[in-house]
Amino acid sequence: MSDSDQKDRVDIRKEFRDVVNMSPSELEDWLDTEESKSVGDNDSGESTGHRSGRRIVEIKRKNVDELTDADHDHMEKVIGYVHRHCAQGPDGDVEHSDWRYSLMNWGHDPLKD
């Protein structure tokens, strides 16, 4: 791996830690709720965000040297989703909004910012 590839991976991990502000146990607890399961595209029985949340828990529990290319790709996907979704915040009650619930499935609780 080149030095620039290594730097890119370090940057990805840093930004992932910044946007994923829920601990693995917080995220697991959240994913078990009906609110978590109620949001997102659900054509296969589990939404993309819910599936992503389970993957985030796995990634966060790995040591750096255990992270794969696919893990880094998923971290980039999470970073992009959180940034895009945060820019579309709703007016009114954020705490009980599908917007917040969806973000939490991706490991980001906007009320923790």
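**View 1. Buried residues of helix α5 in a predicted model.** An α-helix has 3.6 residues a turn, so residues three or four places apart point the same way. Helix α5 covers residues 69-86, 18 residues in total. Its first and last C-alpha atoms are 26 Å apart, close to the 26 Å expected at 1.5 Å a residue (1.5 Å times one less than the number of residues). Helices here are DSSP runs of H or I with at least four residues, numbered from the N terminus.

The model is predicted: local features need pLDDT of at least 70 and side-chain atom pairs pLDDT 80 or more, while totals for chains, interfaces and linings use all residues. Residues are numbered from 1 along each chain as its sequence is written, and side-chain values use heavy atoms, without hydrogens and water.

**View 2. The start of helix α5.** A side-chain oxygen of threonine 68 lies within 3.3 Å of the backbone nitrogen of alanine 70.

**View 3. Helices α2 and α4.** The axes (lines fitted to C-alpha atoms over the stretch in contact, with angles from 0 to 180 degrees between N-to-C directions) of α2 (residues 24-31) and α4 (residues 48-60) come within 9 Å and cross at roughly 155°. Helix α2 is therefore roughly antiparallel to α4 (an angle over 145 degrees). Contact (heavy atoms within 4.5 Å) involves Pro24, Leu27, Glu28 and Leu31 of α2, and His50, Gly53, Arg54, Ile56, Val57 and Lys60 of α4.

Conventions. Helix = DSSP H or I, 4+ residues; strand = E, 2+ residues; numbered from the N terminus. Buried < 20%, exposed > 50% of the residue type's maximum accessible area, 1.4 Å probe, protein only. Polar contact = N/O pair within 3.5 Å; in protein donor to acceptor, adjacent residues only side chain to side chain. Parallel < 35°, antiparallel > 145°, perpendicular 65-115°, else oblique.
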